[in-house]
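Me: Please pick one part of this structure and go through it closely. I would like to know what pairs with it and what surrounds it, with the cut-offs stated as you go.

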Amino acid sequence: MTTGFGRQVKRVLAGAAMIAAALVSAQTGEATAQTLAALPMPSAGAPDLGHARPIVGWVEFCARYASECAVDPSEPAQVTLTPRLWQTVTGVNRQVNTSLRAVTDMEHWGVPDRWDLAEDGSGDCEDFQLLKRKLLAQAGLPRRAMRMTVVIDEKGEGHAVLMLRTDRGDLVLDNKTSAVLPWHRTGYTFIKRESQDATAWVSLGGATAPTVTANR
């Protein structure tokens, strides 16, 4: 029997999925009026410095959702950022951020770190980003260009964001803000991200590697 809360959660996630599809297909006056000047300025991407140890929570997530972690080398490693695609990315980032309830994994599951798809409408940082990637992939973006990334945030804590690799540089989708920012403007220390060549991780040069991303 579906409870009132369960129905509400389904509506929230359905709404997030609908916005991903709608933003891709919409032809509004605003979208038509946008130009390349509205996009982030081109910048260098985050450096890939070789193999890194994956987060345990990610390993366990991949065992449950193998398709969410698989890498298809035939997909492009980056996307060409157009005004229409920018609208889709910023719209999904904002919609997920405002749709989910932020809770820590300890509050949610009773464990320090668990990666999930926020299927019950609640989650912490990595769950927000995993749902964004799922919705953006459904909207047609290549998963290979969307990499889960671990950083040290402004509190000195482990935090997960979604890195979108584009022809204008690496952009960050974050549940702490609805602004999609170039990676070097976030103020974070970038530790590592998922590889684009295998189901593995690569180093981004940060010296301190957190073992969990237990951050709302």
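Reply: Strand β8 (residues 189–194) runs antiparallel to strand β9 (residues 201–203), and 3 bridges join the two. This is a predicted model, in which local features need pLDDT of at least 70 and side-chain atom pairs count only at pLDDT 80 or more, while totals for chains, interfaces and linings use all residues. Residues are numbered from 1 along each chain as its sequence is written, and side-chain values use heavy atoms, with hydrogens and water left out. Strands here are DSSP runs of E with at least two residues, helices are runs of H or I with at least four, and both are numbered from the N terminus. Two strands pair if DSSP finds at least two bridges between them.

β8 is mostly covered, with 5 of its 6 residues buried. Buried means under 20% relative accessible area, exposed means over 50%, and partly exposed lies in between (1.4 Å probe, protein chains only).

The aromatic side chains come next. The structure holds 4 aromatic pairs. Rings of Phe, Tyr and Trp (its six-membered ring) pair if their centres lie within 6.5 Å; planes under 30 degrees apart count as stacked, over 60 as edge-to-face, and the rest as tilted. Tryptophan 58 and tryptophan 201 have ring centres 5.6 Å apart and planes at 85°, so they are edge-to-face. Their pair links distant parts of the chain, 143 residues apart: tryptophan 58 is in helix α3 (residues 56–64) and tryptophan 201 is in β9. Tryptophan 58 is buried at 4% relative accessibility, and tryptophan 201 is buried at 1%. Tryptophan 183 and phenylalanine 190 are also edge-to-face, because their ring centres are 5.4 Å apart and their planes are at 85°. Phenylalanine 190 is buried at 5% relative accessibility, and tryptophan 183 is buried at 18%. Trp58, Trp115 and Trp201 form one aromatic cluster.

Trp115 also belongs to the largest nonpolar core, which has 38 residues; Val89 and Trp115 have the most contacts inside it. Such a core is a set of buried Ala, Val, Leu, Ile, Met, Phe, Trp, Tyr and Cys residues joined through side-chain atoms within 4.5 Å. Among the elements that each supply at least two residues of this core are α3 and β4. Its largest share, 6 residues, comes from α7. A second, separate core of 9 residues includes Trp183, along with Val161, Met163 and Tyr188.
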